[in-house]
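Trainee: I'm new to this one. Could you take me through the sheet up close, and then show me how it sits in the chain as a whole?

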Amino acid sequence: MARFSGRVVIVTGAANGIGAATVRRFLGEGARVVGVDLDDVGLAAVFDGAGTDGMAVAGDCTDPAVLGRAYMQAVDRFGPIDVLFNNVGQSARERAGPFHASEEGTWRFVMEISLMTTLRMTRLVLPEMRSRGTGRIINMSSDGAFAGDAGIVDYAAAKMGVIGFTRALARENAGLGITVNAVAPGAIATRAHDRLTPEVVDRIKAQTPAGFVGVPEDVAGVVAFLASDDARYVTGQTLLIDGGRWMI
């Protein structure tokens, strides 16, 4: 398939997991892809073999200057952006815990990387999309925003913020040929998931009707659908990719 032939895609948090799988999916379907990530080694591995159709931009996605540089380099090399996947995000991980024992510095970190990066990158690509009358924006949320899992209050708040942003932005731009949607994965076998104990993984599987943990490619396929012409009448939606843990 080459349904993205000639289209330009930016993926943030592109070096590992869902971001890496999505980069490979778009490259495999003919897109020219720009990936941004702090992990320069992982990023280089993802784009190895991409040739002239790929470009890696190493840098911290929470730094507005890095996002601005990535956007300008993408446009200079490939032309206007057709698809943006705001993938980068992170929970507090080892700093996570009950909210009453949490610290504001941790909240700010989680909000910065999981919500503010999405707003900033979108602000860069949106004016040109509006002037051209076309574009696809896909934002990364989490089923944790719906389930309200204990111990990730800041992350759930940030990811629900992504959903509100997605809906409002979709409504602002629906008449201009631009769609804005979100994906909300559940348990996916990424590096963060590797840190979980076998007991926790077993509990997650037991809570998931499908009975197994998904893989990054499961999410990449949904992102590719939302970026395609097949989804031209889908906007403002959040698709949960969690094996049925949360149903809406």
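Mentor: Of its 248 residues, 48% count as buried. Keep in mind that this is a predicted model. The chain has nine helices and seven strands.

Now for the sheet. It is an open one of seven strands, paired in parallel, and if you walk across it you meet them in the order β3-β2-β1-β4-β5-β6-β7. At the edges sit β3 (54-58) and β7 (238-241), each of which pairs on one side only. Neighbouring strands in this sheet are turned against each other by 15 degrees on average, direction ignored.

Strand β2, residues 32-37, pairs with β3 in the parallel sense, and five bridges link the two. To find one of these spots, look for Val-36: its bridge partner in β3 is Val-57. Helix α3, residues 64-78, packs on the sheet here, touching β1 (8-12), β2 and β3. Compare directions and you'll see that α3 makes about 160 degrees with β3.

Stepping back out, residues 24 or more positions apart account for 71% of the chain's contacts with a separation of 6 or more. The C-alpha atoms fill a box of roughly 45 × 40 × 35 Å along the principal axes. A compact globule with 248 residues would have a radius of gyration near 18 Å, so the chain's 17 Å agrees with that.

How values were computed: Residues are numbered from 1 along each chain as its sequence is written. This is a predicted model: local features need pLDDT of at least 70, side-chain atom pairs count only at pLDDT 80 or more; totals for chains, interfaces and linings use all residues. Side-chain values use heavy atoms; hydrogens and water are left out. Two strands pair if DSSP finds at least two bridges between them. Helices (H or I, at least four residues) and strands (E, at least two) are DSSP runs, numbered from the N terminus. Axes are lines fitted to C-alpha atoms, for helices over the stretch in contact, and angles run from 0 to 180 degrees between N-to-C directions. Contact means heavy atoms within 4.5 Å. The radius of gyration is taken over C-alpha atoms; the globule rule is 2.2 Å times the number of residues to the power 0.38. Buried means under 20% relative accessible area, exposed over 50%, partly exposed in between (1.4 Å probe, protein chains only).
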